[in-house]
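I opened my notebook to follow two residues through one model, and I wanted to write down what surrounds each of them.

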Amino acid sequence: MQKNLSKEQLFDYFAGKSSLLVKSDVETWLKAPAHAELYYAWLEEWERQHLHWQPDTEHAFNQLQNRMATQEDSATETGQTPSRPLWRRSWWVAAASILLLLGVSYLFRNVFLYRTYTTEYGSLQNVQLEDGTLVNLNANSTLRVPRFGFGTDTRQVLLEGEAYFSVTHTATHQKFVVKTNRDFSIEVLGTEFAVRERAQGMQVVLDKGKVKVHYGKANQPITMKPGDLVTLNNGEQAKLKQTTKPQVYSAWRNHRFVFERTSLREVGYLLKDNYGIEVKINSEALAKRTISGEIEAKNAEDLIEALSEVFDLKIIKNENSITIIDSI
């Protein structure tokens with residue numbers, strides 16, 4: 001049965017605030033020809049309320065110059081002596097121009113300096129860097145790469161979210177560094193590893209090679225070997241342990257989700273991070289319940305349905321969230 005969608009739901013959809021579940025409902029709703037006219041009418045109304053405005057700094061500066069020239073002409077016609085010498089006014093205009101340019105450059109420095117790759121909820125992207133390094137970017141993630149190439153000493157990229165790096169070793173042994181918004185970075189020469197930078201903390205899992213993890217105010221970095229797993233919580237407490245299956249932590253590259261005594265609370269974090277879906281669990285005991293197994297899912301709907309069937313959970317779908325209730 002097809003859902004009826006409200007104007008508010010469509011407005012959230014136009015603004016990009018809808019979860020994948022609501023996006024799916026909109027696509028289904030649009031299959032009915034009778035809904036197309038209403039859709040475009042609401043879209044036009046939403047666009048009128050959300051006009052896109054870009055500041056025209058050049059026009060504003062020209063207006064300022066014209067206004068100053070008008071004031072100068074007016075003072076000359078009335079026989080008044082200008083309050084400041086012309087050279088001082090010219091200097092002020094030049095200084096204002098420099099400050100404006102510096103301000104704009106600061107605000108848009110990332111646009112100038114970096115090429116940005118961004119994935120939406122539920123989508124993956126492969127990025128090939130100029131040195132041959134391959135980056136698999138997970139959903140809801142951003143990778144920034146120097147627009148004008150790497151330097152001679154270090155190849156450095158910026159990551160927000162989750163990614164898997166297959167780093168190419170260079171003839172000059174040039175370091176490769178992955179930096180995050182937190183005080184956390186990974187330094188390598190040539191290796192394969194997974195990085196996750198989410199609200200709950202940081203995680204690095206090494207498949208091949210050797211890496212050094214720099215974090216917080218620690219004097220010594222953590223040197224990792226294959227199979228090592230390093231986690232860093234929001235209190236900047238790092239933990240190092242061994243895992244026999246490091247590939248489990250990058251199974252998302254093949255649309256697989258591997259759970260090994262994973263709590264339902266952690267599953268909720270996964271759905272939020274990867275699909276933008278808020279997860280509510282009706283009891284603390286249920287939130288601590290752990291699940292183990294493997295699920296292959298191409299989208300949020302497949303994953304939620306599989307979780308319900310495989311682990312005997314009752315899941316109620318809402319507009320932008322789901323509620324997990326123990327079926328027992």
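This is a predicted model: local features need pLDDT of at least 70, side-chain atom pairs count only at pLDDT 80 or more; totals for chains, interfaces and linings use all residues.

I began with the buried residues of helix α2, which are L21, V22, V26 and W29; buried here means under 20% relative accessible area, exposed over 50% and partly exposed in between, with a 1.4 Å probe and protein chains only. I noted that they cover an arc of only 140° around the axis, which puts them on the same side of α2, the arc being that of the directions from the helix axis to the C-beta atoms. Residues are numbered from 1 along each chain as its sequence is written, and side-chain values use heavy atoms, with hydrogens and water left out.

**V22**

I looked up V22 and found it in helix α2, residues 20-30, where helices are DSSP runs (H or I, at least four residues), strands are runs of E of at least two, and both are numbered from the N terminus. Its relative accessible area is 5%, so V22 is buried. Leaving out residues up to four places away in sequence, V22 touches E319 and N320, a contact being heavy atoms within 4.5 Å.

**S141**

I then turned to S141, which lies in the loop between β3 (134-137) and β4 (142-146). S141 counts as buried because its relative accessibility is 1%.
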